[in-house]
Amino acid sequence: SGAAPRTATMMDSQQPEDGEFPPNPFLSNPDDVVGINHSGYNSHASDGFGMQSLGSVQQQLPMPVPPAPSSGEFEPSSFAPVDSGYVGSGTMDSSFSGAGGNNEGSARGGATNVAAEATTRGAGLFSNAQRCCSVDTYRAYYDVDTTDIANRIVASITMCNIPDGFRHNALGVNGGKGPDLYGPFWITTTLVFFLAVTSNMHSYLHADAKSFEADISHLVHALWVLYTYSFVLPGLLFVVFRCFAIQMPLMELVNLYGYSLIPYYGAAVLCLIPAGWLEWLVLLAATCVSCLLILRNVAGPVLSSGVSQEKAAIILGKIMGYHVLFLLAMKFMFYHHK
């Protein structure tokens with residue numbers, strides 16, 4: 001084309017006044033803004049080298065940001081160490097920690113709760129051990145008189161076939177005096193000596209008077225057999241009940257097994273008669289009455305606890321099996337003769 005190329009002039013070398021920005025060096029004319037073409041060329045015209053003319057700029061460049069005022073002195077950053085008791089004592093930025101900080105806090109809180117529960121459990125076990133060694137714990141189980149013990153002894157025979165009759169009427173678990181340890185302890189202890197004496201008398205009646213010798217081992221055998229039956233067996237049954245969530249206190253089980261020994265007093269006396277079939281008969285009758293007393297007072301809590309019929313049958317069947325073993329122990333350890 002015949003148009004002469006435009007030449008951009010540089011800005012003046014004059015310094016800008018205070019508070020003013022320097023002129024844009026890329027504009028050939030201060031009035032050359034968007035939408036104005038002073039050179040008369042088409043806004044899409046190009047120079048001889050195929051480049052658009054500087055006067056055809058369609059967008060004004062952003063104005064430069066002025067630098068921050070400075071006092072003219074260099075102020076270096078302070079690298080003095082932070083006065084802290086330990087490394088990392090500063091606060092953590094929440095934007096950096098994010099969910100990790102929350103998880104860490106949750107984990108720390110969970111560990112604290114576990115430690116607190118372990119401490120509480122340990123304190124509970126220690127307090128339970130202290131109560132077991134305290135006389136005041138057992139004082140309530142000896143708050144009975146002769147009339148109470150006599151009524152419970154009679155009820156162990158007359159109420160053996162009544163469902164929960166002995167627990168509710170004799171023990172008074174629903175408002176009466178409740179279970180006691182006086183009766184089960186003395187019933188068991190008295191029967192220990194009773195078996196030791198009657199078993200030696202039984203041996204004397206079935207042996208030659210000249211060759212008879214009292215056997216002191218009957219006392220030892222009666223001691224561990226009867227105390228296992230009256231106190232160890234209820235404890236094991238109580239553990240089984242706790243495993244199946246059956247609500248029945250330990251002292252009620254101890255009372256049931258302790259007072260269930262009453263029929264064996266009469267059986268021990270009748271076993272002195274020198275007749276083998278009669279010994280089996282009276283021991284079997286005493287075992288049936290004893291087992292019936294326990295089953296009729298245990299079946300209610302077992303069946304009402306939500307345990308399945310199969311498991312309830314197994315539990316009650318084991319109770320009957322223990323009585324069969326006790327029957328055999330009574331016969332072959334104390335009233336058996338060759």
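## The surface patch

Which helix gives the most to the nonpolar patch? Helix α10, residues 309–334, does, with five residues. The model shown here is predicted.

The patch lies on the surface and is nonpolar. Its members are Trp280, Tyr322, Val324, Leu325, Leu328 and Phe332. Together they have about 570 Å² of accessible area. Val324 is one of these residues. Val324 lies in helix α10. Its relative accessible area is 45%.

## Aromatic pairs

How many aromatic pairs does the structure hold? The structure holds nine. One of them joins Tyr229 and Tyr257. Their ring centres are 5.2 Å apart, and their planes stand at 70°. Planes over 60 degrees apart count as edge-to-face, so this pair is edge-to-face. Tyr229 lies in helix α6, residues 217–243. Tyr257 lies in helix α7, residues 250–259. The pair therefore ties together parts that are 28 residues apart in sequence. Both Tyr229 and Tyr257 are buried.

Tyr229 also pairs with Phe326. Here the ring centres are 4.4 Å apart, with the planes at 25°. Planes under 30 degrees apart count as stacked, so the pair of Tyr229 and Phe326 is stacked. This pair links distant parts of the chain. Tyr229 is in helix α6 and Phe326 is in helix α10, 97 residues apart.

## A buried cluster member and its partners

Which residues do ring pairs link into a cluster? They are Tyr229, Tyr257, Tyr264 and Phe326.

Is Tyr229 buried or exposed? Tyr229 has a relative accessibility of 4%, so it counts as buried. Phe326 has 5%, so Phe326 counts as buried too. The cut-off for buried is under 20% relative accessible area.

## Confidence in the model

The chain averages a pLDDT of 75. Of the residues, 59% score at least 70. Over residues 1–5 the pLDDT is below 50. Beyond near neighbours in sequence, that stretch has two contacts in the model.

Residues 33–59 also have a pLDDT below 50. How many contacts does this stretch have beyond near neighbours in sequence? Residues 33–59 have 28 such contacts in the model.

Technical notes. Residues numbered from 1 in each chain as written. Predicted model: local features only at pLDDT ≥ 70, side-chain atom pairs only at ≥ 80, totals over all residues. Heavy atoms only, no water. Patch = residues over 30% accessible without salt bridge, like charges linked within 9 Å, V, L, I, M, F, W, Y side chains within 5 Å. Areas by Shrake-Rupley, 256 points an atom, 1.4 Å probe, with all protein chains shown as cover. Salt bridge = Lys/Arg side-chain N within 4 Å of Asp/Glu carboxyl O. Helix = DSSP H or I, 4+ residues; strand = E, 2+ residues; numbered from the N terminus. Buried < 20%, exposed > 50% of the residue type's maximum accessible area, 1.4 Å probe, protein only. Phe/Tyr/Trp six-rings, centres within 6.5 Å; stacked < 30°, edge-to-face > 60°. pLDDT = per-residue confidence, 0-100. Contact = heavy atoms within 4.5 Å.
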